[in-house]
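Trainee: Could you take me through one part of this model in detail? I would like to look at the aromatic rings and what surrounds them.

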Amino acid sequence: MSEIETYFLQFPDGVQEIMKNIRKLIKDVAPNADEHFAYGMPAYKLNKKPLVYFAAFKNHIGFYATPSGHSEFKNELSTYKQGKGSVQFPLDQPIPYKLIERIVRFRVTENNEKTVKK
């Protein structure tokens, strides 16, 4: 069992399901991303650069797509509590999977462009 799967088991079934959905979404959108466990959470790198991270907490899912990933979607994320490069999706509200997918796609494009520019 991977570190990520072990991490998921710490949480109630409903939260595990959300995390599995986010994990699948990231893998589907960024199949070449490297999945690992960093900063105590599932983490993804593409072209050796951070892509996104996510974690579960008591009342929310934390999603971390670097400051650029969040600034690009600031209007759509404005209804959620945020920090620099992070957003909290409350567990008592529907998880915005389509928005998460769009953010991951943006970050994939951004990472690929940064790699090409080198």
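Mentor: Happy to. Let's start with Tyr-44, which counts as buried because its relative accessibility is 1%. Keep in mind as we go that this is a predicted model. Phe-54 counts as buried too, at 0% relative accessibility. These two residues form a stacked aromatic pair, with 6.4 Å centre to centre and 10 degrees between the planes. Tyr-44 belongs to strand S2 and Phe-54 to strand S3, so their pair ties together parts that are 10 residues apart in sequence.

A second pair has another geometry. The planes of Tyr-80 and Phe-89 stand at 85 degrees, with the ring centres 4.9 Å apart, so this pair is edge-to-face. Both Tyr-80 and Phe-89 are buried. Over the whole structure, a search finds 9 aromatic pairs. Ring pairs also join Tyr-44 and Phe-54 with Tyr-7, Phe-8, Phe-11 and Phe-37 in a cluster.

Phe-37 leads us to the strands. Strand S1 covers residues 34-38 and pairs with S2 in the antiparallel sense, over 5 bridges. Phe-37 stands opposite Pro-42 of S2. The hairpin of S1 and S2 has 2 residues between the strands, and Tyr-39 in this hairpin takes a positive phi near 55 degrees.

In soluble globular proteins, nonpolar side chains tend to be buried together. Here the largest nonpolar core has 38 residues, and Phe-89 is among those with the most contacts inside it, along with Met-19, Ile-61, Phe-63 and Val-104. Elements giving two or more residues to this core include helices H1 (3-8), H2 (13-29) and H5 (97-117), as well as strands S2 (41-46) and S3 (49-56). H2 provides the largest share of the core, 7 residues.

Leaving aside residues up to four places away in sequence, Ile-61 touches Val-15, Ile-18, Met-19 and Ile-22, and its other contacts include Ala-55, Val-87, Phe-89 and Ile-95.

Finally, have a look at Glu-101, in helix H5. Glu-101 has a relative accessible area of 21%, so this residue is partly exposed; the cut-off for buried is under 20%. Not counting residues up to four places away in sequence, Glu-101 touches Leu-25 and Val-29. Glu-101 and Leu-25 are 76 residues apart in sequence, yet their C-alpha atoms are 6.6 Å apart in space.

Note on methods:
Residues are numbered from 1 along each chain as its sequence is written. This is a predicted model: local features need pLDDT of at least 70, side-chain atom pairs count only at pLDDT 80 or more; totals for chains, interfaces and linings use all residues. Side-chain values use heavy atoms; hydrogens and water are left out. A nonpolar core is a set of buried Ala, Val, Leu, Ile, Met, Phe, Trp, Tyr and Cys residues joined through side-chain atoms within 4.5 Å. Buried means under 20% relative accessible area, exposed over 50%, partly exposed in between (1.4 Å probe, protein chains only). Helices (H or I, at least four residues) and strands (E, at least two) are DSSP runs, numbered from the N terminus. Contact means heavy atoms within 4.5 Å. Two strands pair if DSSP finds at least two bridges between them. Rings of Phe, Tyr and Trp (its six-membered ring) pair if their centres lie within 6.5 Å; planes under 30 degrees apart count as stacked, over 60 as edge-to-face and the rest as tilted.
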